[in-house]
Amino acid sequence: MRHSVRDLATAGVRALQPYQPGKPLSELEREYGIRDAIKLASNENPLGPSPLGIEAARRALADLALYPDSHGFELKNALSAALGVRADQLVLGNGSNEVLQLVTRAFLSPGDEAVVAQHAFAIFTTEAVSAGGTVVSVPARDWGADLPAMRDAVGERTRLVFVANPNNPTGTWHRAAHLHAFLGSLPAHVVVVLDEAYCEYVSEPDYPDGLAWLAEFPNLLVSRTFSKIYGLAGLRLGYGVASADMADLLNRLREPFTVNSLALVAGEAALADHEHVRRSRDFNLQGLAALGAACQQLGLDYIPSVGNFIAVDVGRPAGPVYEALLRRGIIVRPLAPYGMPRHLRITIGTPAQMERLLSALPQALAG
């Protein structure tokens with residue numbers, strides 16, 4: 001009897017839906033025959049990469065015939081000094097997605113459970129299902145993770161809990177006392193992944209730094225990225241910070257050379273580019289305020305965000321509005337795959353990009 005190749009795949013893989021990234025600019029221009037499109041879909045830094053990172057990558061081009069340092073010695077030392085952690089607590093990844101994959105492979109076996117929040121980053125579910133785990137999705141509260149309900153969902157088979165602070169795609173966040181209490185309430189057999197991909201954008205005084213809790217919670221891993229405020233999304237560089245024991249386990253799973261040599265040197269240089277980080281944060285705060293005010297003027301509800309994006313409720317199924325914006329050369333992110341069919345996630349762009357969006361949005365809504 002002949003089998004389809006789909007029948008040979010694991011049940012978890014067959015059940016997955018492909019991750020839907022933001023549409024590339026070149027694809028939009030090719031499909032619609034337009035030029036000068038703008039992309040406000042993928043939470044990229046509109047100010048671009050760190051200038052120091054660009055220069056470091058340029059200098060490294062001459063050595064592209066050589067394999068990169070698989071252990072990332074120099075970058076780990078720079079992260080160690082900047083973050084106040086030991087180098088043996090660090091795990092480097094091809095984007096923070098690789099770190100999420102490693103922790104899932106290390107701690108989730110078929111039949112084990114992973115607890116996630118409704119509207120959480122889709123990769124949490126993808127990695128858990130790929131490992132054969134069962135995903136327990138807990139209904140959100142005010143568009144954010146309901147931490148007490150997530151604690152109630154933890155059982156004997158739970159091995160992983162994923163929490164993003166702030167959360168993508170909703171921009172919601174947890175205050176220090178609430179998140180600390182949640183971590184302290186979890187049993188010892190549960191590993192917690194605290195995704196802080198957007199932490200550098202947050203200026204709220206009660207926003208916690210998860211790294212400060214690593215000594216208290218040896219079952220905690222904090223994941224971060226260079227893709228957002230540092231502007232290095234195209235180089236794919238992320239990292240995790242955990243206890244030395246957990247980091248050792250994850251580094252055993254890492255394949256060699258997954259972080260390329262340009263990413264290693266650009267990340268090290270960007271980490272020291274404090275002026276670029278400051279400018280990016282200030283620019284983003286102004287953009288959040290301006291976009292929120294524009295939504296109010298248009299009568300649109302939105303979810304207050306501390307990331308570099310806002311999820312906007314367009315008051316109807318968002319698909320046609322998304323399509324109308326595409327035809328005007330503007331890419332945003334529809335959130336139907338996240339169970340938010342009326343929302344579009346809009347990344348904060350340059351003033352010119354935001355002006356173009358806000359000029360086109362009333363027409364797209366009317367259409």
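Buried means under 20% relative accessible area, exposed means over 50%, and partly exposed lies in between, with a 1.4 Å probe and protein chains only. Helices (H or I, at least four residues) and strands (E, at least two) are DSSP runs, numbered from the N terminus.

The model is predicted: local features need pLDDT of at least 70, side-chain atom pairs count only at pLDDT 80 or more, and totals for chains, interfaces and linings use all residues. Residues are numbered from 1 along each chain as its sequence is written, and side-chain values use heavy atoms, with hydrogens and water left out.

**Stop 1: H7 and H6**

Select helix H7, residues 122-130. Its buried residues are Ile-123, Phe-124, Thr-126, Glu-127, Ala-128 and Val-129. Axes are lines fitted to C-alpha atoms, for helices over the stretch in contact, and angles run from 0 to 180 degrees between N-to-C directions. The crossing of H6 and H7 is right-handed; a crossing is right-handed if the near helix is turned clockwise from the far one by less than a right angle, and left-handed if anticlockwise.

Which residues make the contact between H6 and H7? On H6 they are Asn-97, Leu-100, Gln-101 and Thr-104, and on H7 they are Ile-123, Phe-124, Glu-127 and Ala-128. Contact means heavy atoms within 4.5 Å. By class, this contact of H6 with H7 has four nonpolar, three polar and one charged residues. Ala, Val, Leu, Ile, Met, Phe, Trp, Tyr, Cys and Pro count as nonpolar, Asp, Glu, Lys and Arg as charged, and the others, Gly among them, as polar. Just after H7, select Gly-132, which takes a positive phi of about 90°.

**Stop 2**

Go back to the loop between strand S3 (113-117) and H7, where Ala-120 is found. Ala-120 is buried, with a relative accessible area of 13%. Not counting residues up to four places away in sequence, Ala-120 touches Asn-167, Asn-168 and Tyr-338. His-119 lies in the loop between S3 and H7 too. His-119 is not a glycine, yet has a positive phi of about 70°, and at 7% relative accessibility His-119 counts as buried.

**Stop 3: two cis peptide bonds**

From Ala-120, follow the contact to Asn-168. The peptide bond from Asn-168 to Pro-169 is cis, with omega near 25°. Then select Asn-165 and Pro-166, whose peptide bond is cis with omega near 0°. Pro-166 sits in the loop between strand S5 (158-164) and helix H9 (176-185), and Pro-169 lies in the loop between S5 and H9.

**Stop 4: H13 and H14**

Select helix H13 (residues 319-327) and helix H14 (residues 351-366), which pack at an angle of about 130° with their axes 9 Å apart. H13 and H14 are therefore oblique to each other: angles under 35 degrees count as roughly parallel, over 145 as roughly antiparallel, 65 to 115 as roughly perpendicular and the rest as oblique. H13 passes H14 in a right-handed crossing. Val-321, Ala-324 and Leu-325 of H13 make the contact with Leu-357, Ala-360, Leu-361, Ala-364 and Leu-365 of H14. The residues of this contact of H13 with H14 divide into eight nonpolar, no polar and no charged.

What covers the buried residues of H13? The cover includes helix H3 (25-32), strands S11 (330-331), S12 (333-334) and S13 (343-347), and H14. The buried residues themselves are Val-321, Tyr-322, Ala-324, Leu-325 and Leu-326. Just after H13, Gly-329 takes a positive phi of about 80°.

**Stop 5: the nonpolar cores**

A nonpolar core is a set of buried Ala, Val, Leu, Ile, Met, Phe, Trp, Tyr and Cys residues joined through side-chain atoms within 4.5 Å. The largest has 78 residues, and those with the most contacts inside it are Met-150, Phe-182, Leu-220 and Phe-226. H11 gives the largest share of this core, six residues. Apart from it lies another core, of 31 residues, among them Ile-38, Val-321, Ile-331 and Met-354.

Finish with Ala-270, found in helix H11 (residues 261-271). Ala-270 is buried, with a relative accessible area of 0%. Leaving out residues up to four places away in sequence, Ala-270 touches Ser-50, Gly-53, Tyr-230 and Leu-232.
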